[in-house]
Amino acid sequence: MAVITNNDVVVLCLTPIICIFSDTTGANAEPFLIAMFIAANTASMALFIGNPTNIIVAEANDISFLSYSAWMGLPFLGAAVAGIAVLYLTTQEQRILQN
């Protein structure tokens, strides 16, 4: 969803849904919320329209939509891998403490 809209919209819309589902199932909402925050913020950097800052920077430097996405492809992948690693390490620590 963050690829087609602003990341703020994703966070505002999905946070209550995740909390309701977590309450209903008895699952811990924290890992799901962290994953959503990481995914929304990381995905927003990949596209011109993902974040207002991206639009300002691209317009100020006369960068096209496709050119912006091409330049941000590698940093996006790096941030996605780092986000997954942080999420894994965070949830791994919680799993160790539970056992």
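**Reading a predicted helical model**

Student: Which residues of α1 are buried?

Tutor: Buried means under 20% relative accessible area, exposed means over 50%, and partly exposed lies in between (1.4 Å probe, protein chains only). In α1, the buried residues are Asn7, Val10, Ile18 and Ser22. Helices (H or I, at least four residues) and strands (E, at least two) are DSSP runs, numbered from the N terminus. This is a predicted model, in which local features need pLDDT of at least 70 and side-chain atom pairs count only at pLDDT 80 or more, while totals for chains, interfaces and linings use all residues. Residues are numbered from 1 along each chain as its sequence is written, and side-chain values use heavy atoms, with hydrogens and water left out.

Student: What span should helix α1 have, and how far apart are its end C-alpha atoms?

Tutor: The expected span is 1.5 Å times one less than the number of residues. Helix α1 covers residues 7-25, so its 19 residues should span 27 Å; the end C-alpha atoms lie 26 Å apart, in agreement.

Student: Where does α1 bend?

Tutor: A bend is the angle between axes fitted to the seven residues ending at a residue and the seven starting there. In α1 the bend is about 30° at Leu14, and the proline Pro16 follows within four residues.

Student: How many disulfides does a search of the whole structure find?

Tutor: A disulfide is a pair of cysteine sulfur atoms within 2.5 Å. The search of the whole structure finds 0 disulfides. Cys13 is in none, and the nearest cysteine sulfur, that of Cys19, is 13 Å away. That distance of 13 Å between the sulfurs of Cys19 and Cys13 is too far for a bond. Cys13 is partly exposed, at 37% relative accessibility, and Cys19 is partly exposed as well, at 29%.

Student: Which residues make the nonpolar surface patch?

Tutor: Patch residues have over 30% relative accessible area and no salt bridge; nonpolar side chains (Val, Leu, Ile, Met, Phe, Trp, Tyr) are joined within 5 Å, like charges within 9 Å. A salt bridge places a side-chain nitrogen of Lys or Arg within 4 Å of a carboxyl oxygen of Asp or Glu. Areas come from the Shrake-Rupley method with a 1.4 Å probe, and for residues only the protein chains shown count as cover. Here Ile49, Ile55, Phe65 and Leu66 make a patch of about 360 Å². Ile49 belongs to the loop between α2 (29-44) and α3 (52-60), and its relative accessible area of 38% makes it partly exposed.

Student: Is Asp62 buried or exposed?

Tutor: Asp62 is exposed, at 73% relative accessible area. Asp62 sits in the loop between α3 and α4 (65-98). Although Asp62 is not a glycine, its phi is positive, about 55°.
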